Amino acid sequence: MSSVTVRVPAKVNVQLSVGPLREDGYHDLVNVFHAVSIFDEVVAKESESITVQVNGKWSDQVPTDDGNLAIRAARALAKHAGRTYGADLVIQKEIPVAGGMAGGSADAAGALVACNELWGLGLPFEDLMEIAGDLGSDVPFSLLGGTAVGTGRGEQLCELPTGGTFHWVFALADGGLSTASVYAECDRLRAASGAEVPWPQLNDSLMEALGTGDAYALGAHLSNDLQAAALNLRPELAPTLDSGRQHGALGAIVSGSGPTCAFLAIDATHARDLALSLTTTGAAHTAVAAHGPVQGATLV
Ligand code: C5P
């Protein structure tokens, strides 16, 4: 096989509950991931060494050196297989970079699936999930897709059945936010308030809304413990969220660590209208309609 193509979705967190800071610098989470129809494509071609090239939107913001998560994924897979392999990885980026939508994690998941195929390793999904968890907290979910609850750092996943398709609009921001800095700001705000940080709990009403496909109930129960921190770092996101609510969004939330804002729409037509309203009023320079849940990293 000389070339393999994999499509990988972005995610939004419909619940992101952040527990106390752990000794290893991470936080225990209850993280309800939902994969949405904004996709990066990862192509892996036969080569002597492991390289990466990034095309498409925001490609200039993605490192192509050892900091690239797709390169690290390919290397980790080769190491797991106990041999030296090469692959030229070409990433077509649609998922915002450092946008709170797991764009880097998607590329890592895509590289794992693509190289597993290109190199004829035939490793089972469980092995890929284990390697994924070492690469980053969100990488296992990018492999899995659908809707799932993540606990631990977010890497221990339990799939959730959903009762239908949800329609979303994502308002893209200029410039990204570093995930680590948003968590650090969250810790700082919590320390300043002096309140005890509760152990994160799954929201039963949110589970029910996902299970029955009730967009109105889901909109009412969206929550993100990182939102206050992201808004502190990017105050201009607050009016963007307000504008979406004014245009009938059932829920408006910062996606993960931000700065992308996510709006839940009533249906596909409302999502298109909402995206148009957000851009024409200047509340967002780019707004993308998408739906979820969708499959995780998939060979095409
Ligand atoms: O796992 P990942 O590399 O994606 O995490 C990036 C950063 O986000 C970590 O270095 C940490 O600062 C923060 N993080 C956290 N708790 C988590 C997941 C991520 O504090 N559960």
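This is a predicted model: local features need pLDDT of at least 70, side-chain atom pairs count only at pLDDT 80 or more; totals for chains, interfaces and linings use all residues.
Which residues are around the ligand? They are Gly25, Tyr26, His27, Leu29, Gly136, Ser137, Arg153, Thr179, Ala180 and Tyr183. Residues are numbered from 1 along each chain as its sequence is written, and side-chain values use heavy atoms, with hydrogens and water left out.

**Where the ligand lies**

- Domain 1 (3-160) and domain 2 (166-292) both give residues to the shell, so the ligand lies between them. The domain bounds come from an automatic or database domain assignment.
- The ligand sits in the largest pocket.
- A pocket is found on a 1 Å grid over the protein atoms alone: it is an open set of points where a 1.4 Å probe fits, with protein on both sides within 12 Å along at least five of seven lines. To sit there, a molecule needs more than half of its atoms within 2 Å of the pocket's grid points.

**What makes up the shell**

- β2 (27-46) and α5 (179-193) each supply at least two residues of the shell.
- The largest share, three residues, comes from α5.
- Helices (H or I, at least four residues) and strands (E, at least two) are DSSP runs, numbered from the N terminus.
- By class, the shell has four nonpolar, five polar and one charged residues. Here Ala, Val, Leu, Ile, Met, Phe, Trp, Tyr, Cys and Pro are nonpolar, Asp, Glu, Lys and Arg are charged, and the others, Gly among them, are polar.

**Polar contacts and cover**

- The side chain of His27 has an N or O atom 2.6 Å from a ligand oxygen.
- For Ser137, a side-chain N or O atom is also 2.6 Å from an oxygen of the ligand.
- Arg153 uses its backbone: a polar atom there is 3.0 Å from a ligand nitrogen.
- On its own, the ligand has 450 Å² of accessible area, and the protein covers 75% of it. Such areas come from the Shrake-Rupley method with a 1.4 Å probe.

**Backbone details**

- Gly258 and Pro259 are joined by a cis peptide bond, with omega near 5°. Pro259 is in the loop between β9 (251-254) and β10 (261-265).
- The bond from Gly292 to Pro293 is cis, with omega about 0°. Pro293 lies in the loop between β11 (286-292) and β12 (298-299).
- Trp58 is not a glycine, yet its phi is positive, near 60°. Its place is in the loop between β3 (50-56) and α1 (69-81).

Methods: A residue is near a molecule or strand if one of its heavy atoms lies within 4 Å of it. A polar contact is a pair of N or O atoms within 3.5 Å; within protein, one must be able to donate a hydrogen and the other to accept it, and residues adjacent in sequence count only if both atoms are side-chain atoms. On a 1 Å grid over the protein atoms alone, a cavity is a set of points where a 1.4 Å probe fits but cannot get out, and a pocket is an open set with protein on both sides within 12 Å along at least five of seven lines; lining residues have an atom within 4 Å of a point.
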